[in-house]
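Me: I have a model open and would like to go through it with you. Could we begin with the overall picture and then turn to the aromatic residues?

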Amino acid sequence: MDTNCIKLFVLAAETLNISAAGEQLGLTPSVASAWLAKLEMQVGADLFHRTTRKVTLSLAGMEFLPYAKEILAQQEAALATLGQGNLNISGTLRFAASSTFAQRFIMPILPEFLDRYPDINLELMFSDGQVKLIEGGFDLALRNLAVEDSSLICRRLAKDTRILCASPDYLARNGTPRNPEELIRHQLLVFLNTKPRKLITPNCSDHFSFPPEKSKPRILCDDGASMRIAAKAGVGICMSSLWNIHTELEAGSLIRVLPDYQISDNSAIWLVYPKSNVLTAKVRVLIDFLVEKIGNSPEWETINKK
């Protein structure tokens, strides 16, 4: 296949405008259409649905798109290995991350990244729900859950220590639990669609979890920032990552609950990308940047050592 035709297809798939995609490659609309027709003949399928009003990807086009991107990435990597190709790191990078983590740690450092790499554009998807990396066409994602998908390659960015916490006002009104059995009598804030986490301590062989069995959470929520705000406002006890609440712990607006118990779930903050993808230069520099700025010495872990 002609990689120029594949490049045109990827541009057209991203813009859903064949003429505009062709213009980026210096092609007239008629030549762009001819190139795509040639590619469709080679793959044996219509890659687009075309009407007089709009262009949309066909099912075959959706299935072919990640492979087309990989072909272009492999070409870029091969030329870079030989010292050829575009030495400037450029292109659009699709990155997904937890919205709560992104607000606190990624967005404040983006200006420096963009200054370093002025030819990289970012397409960001921030959600505390877990996005589908391959199906969504993402180049890289940050996850703070255990990664069990064998189709993904993972690089650990940092620890993700989690604790139970509540506001001083809530504990003054409702009392401080002395052991996990007392949690069931408290108002609990629980992250939506997560499994109970084990609570362990060296001094006790009993098995406890958060939320406790048969407990009924007062609030279920799918946003970590909202959980932090609600706990700080005195709604109840929640489990949260240190990176989400470390400034509140230092200020005293949140207090650790059951400090002798640890949450055992082997979670960490991971940078992940599809195993099928070549690690392109634009993805590599973002990984290196995040490791440099966040992973080398996470600021939230210092409170855990005090």
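Predicted model: local features only at pLDDT ≥ 70, side-chain atom pairs only at ≥ 80, totals over all residues.

Me: How many helices and strands does the protein have?

Reply: The protein has 10 helices and 15 strands.

Me: And is it a compact globule or more spread out?

Reply: The protein is more spread out than a compact globule, because its radius of gyration is 24 Å, well over the 19 Å that the globule rule gives for 306 residues. Along the principal axes, the C-alpha atoms fill a box of roughly 75 × 40 × 35 Å.

Me: What share of the residues is buried?

Reply: Buried residues account for 43% of the 306 residues. As for the surface, the protein exposes about 16,700 Å², of which carbon and sulfur atoms supply 51%.

Me: What about contacts along the sequence?

Reply: Taking contacts between residues at least 6 apart in sequence, 75% join residues at least 24 apart.

Me: Now the aromatics. How many pairs are there?

Reply: The count comes to 10 aromatic pairs. In one of them, F101 and W243, the ring centres are 5.0 Å apart and the planes stand at 80 degrees, so the pair is edge-to-face.

Me: Where do those two sit in the chain?

Reply: F101 lies in helix α5 (residues 99–106) and W243 in helix α9 (residues 242–251).

Me: Are F101 and W243 buried or exposed?

Reply: F101 is buried, with a relative accessible area of 1%. W243 is buried as well, at 4%; the cut-off for buried is under 20%.

Me: Which other ring pairs with W243?

Reply: F105 does: its ring centre is 6.4 Å from that of W243, and the planes are at 80 degrees, so this pair is edge-to-face. F105 is in helix α5 and W243 in helix α9, 138 residues apart, and the pair again links distant parts of the chain. F105 counts as buried at 8% relative accessibility.

Me: Which residues make up the cluster?

Reply: Ring pairs link F101, F105, W243 and W300 into a cluster.

Technical notes: Residues numbered from 1 in each chain as written. Heavy atoms only, no water. Helix = DSSP H or I, 4+ residues; strand = E, 2+ residues; numbered from the N terminus. Rg over C-alpha atoms; globule rule 2.2 N^0.38 Å. Buried < 20%, exposed > 50% of the residue type's maximum accessible area, 1.4 Å probe, protein only. Contact = heavy atoms within 4.5 Å. Areas by Shrake-Rupley, 256 points an atom, 1.4 Å probe, with all protein chains shown as cover. Phe/Tyr/Trp six-rings, centres within 6.5 Å; stacked < 30°, edge-to-face > 60°.
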